[in-house]
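Hi everyone, thanks for making time today. I'd like to walk you through a structure that may be new to you, so let's bring it up on the screen.

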Amino acid sequence: MAKKLNYSPNKLASALKSGKTHIIGVIVPSVQAHFFASIIHCIEDGLKDSGYRVIIYQSNESVENEINGVKTLLEAQVDGIMASMSLETQDVSHFAEIVKQNKPLILFDRVHEDLIVPTVTLDDFKAGYMATQHLIDRGYKKIAFITTVHQIKIFNDRIKGYKACLTENNLPILDDHIIFGGLSIKDGRFGAGRLMRSENKPDAIVAGDDFTALGVIKKLKEIDETPPEIGVIGFANEAFSAYITPNLSTIDQHAPQIGKECAEMFLKMIQQENPYQNIEHIVLDPTVVERQSTSKTLPG
């Protein structure tokens, strides 16, 4: 009879009765990045057998959008929120509201130390160290870093790892070899141009992410400094990194594993009377993916 009358259950009424919508909100800076798209896919896959659906909200690196996203998702009565913060985020009071409402909040990749919530992250100090050590092992000595500066922990940790590696290898840390800006193809082009015009030109560049690294490579090719003549390494192992010319060495941040861990963590949290009863911090190990942009011995 329900089929004959084209009846569909009222989800809102069911949610009001049960106190559960079986909907999870996921906030990411951008779904255009394969890194975040892969995380979302694995969150959905990890929750589907438990009957949960996912609503995705993009901040587009805007804290205002992020605040609106949290508000919209809470108004939609989601059962929990997973988020990776925007580059603009400093005040995290909008995320604190989720905790105040006793709904599960899980932060992944980009986290904030003022929020005492479960997290799934990469060991970003180690990632910065490994990227730098990889270049040193390939014979590069004057290594620069193009990145962004703000309160988000992962980028600060990568810079710390970069500096620690240079120090331990008895190589100088030069202020004019560290370029702070944004994370984009445009920022990579700008940073590379500035570095290559300086009196103390680097022979290798660590880029804050793969999009920034792509900009670096584009600029270097314009001025006939094609990698691996100047070494370039990024972070995230974006899908395009294996297909550009030269293809890009990068740090794999294990996006599928991050999504899987987020899903499993959420299912644990909802089994507890207080979702923050046992707060976990899962830290994954990075992996170097070596390609043509850092190795003169790999085939072109």
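**A walk through the model**

Let's begin at one residue, S293: it has a relative accessibility of 0%, so it counts as buried. Please keep in mind that what you see is a predicted model.

Where along the chain is S293? Look in the segment that follows β12, the strand at 287-289. And what does S293 touch, once we set aside its neighbours within four places in sequence? The contacts are Y140, I217, P227, P228, I230, G231, V232, P246, N247, L248 and S249.

Now let's step back to the whole protein. It has nine helices and 12 strands. Its radius of gyration is 22 Å, close to the 19 Å from the globule rule for 300 residues, so the protein is as compact as a globular protein of that length. If you follow the C-alpha trace along its principal axes, the span is about 75 × 40 × 30 Å.

How much of the chain is buried? Of the 300 residues, 53% count as buried.

On to the inside. The largest nonpolar core has 68 residues, and the members touching the most others are I81, M82, F95, F108 and I143. Which helix gives the most to this core? That is α9, residues 255-269, with seven residues. There is also another core apart from this one, made of 17 residues, including I179, M196, A213 and I244.

Let's zoom in on I143. Not counting residues up to four places away in sequence, I143 touches T132, L135, I136, Y162, L166, H177, D203, A204 and V206.

You'll find T132 in helix α5, residues 124-137. Is T132 buried or exposed? With a relative accessible area of 0%, T132 is buried. Beyond its neighbours within four places in sequence, T132 is in contact with I143, Y162, C165, L166 and V206.

The accessible surface comes to about 14,300 Å², and 50% of it belongs to carbon and sulfur atoms. As for charged side chains, there are 31 positive and 38 negative ones, with the centres of the two sets 5 Å apart.

Technical notes: Residues numbered from 1 in each chain as written. Predicted model: local features only at pLDDT ≥ 70, side-chain atom pairs only at ≥ 80, totals over all residues. Heavy atoms only, no water. Helix = DSSP H or I, 4+ residues; strand = E, 2+ residues; numbered from the N terminus. Rg over C-alpha atoms; globule rule 2.2 N^0.38 Å. Buried < 20%, exposed > 50% of the residue type's maximum accessible area, 1.4 Å probe, protein only. Areas by Shrake-Rupley, 256 points an atom, 1.4 Å probe, with all protein chains shown as cover. Lys, Arg positive; Asp, Glu negative; His and termini not counted. Charge placed at Lys NZ, Arg CZ, Asp CG, Glu CD. Contact = heavy atoms within 4.5 Å. Core = buried A, V, L, I, M, F, W, Y, C linked by side-chain atoms within 4.5 Å.
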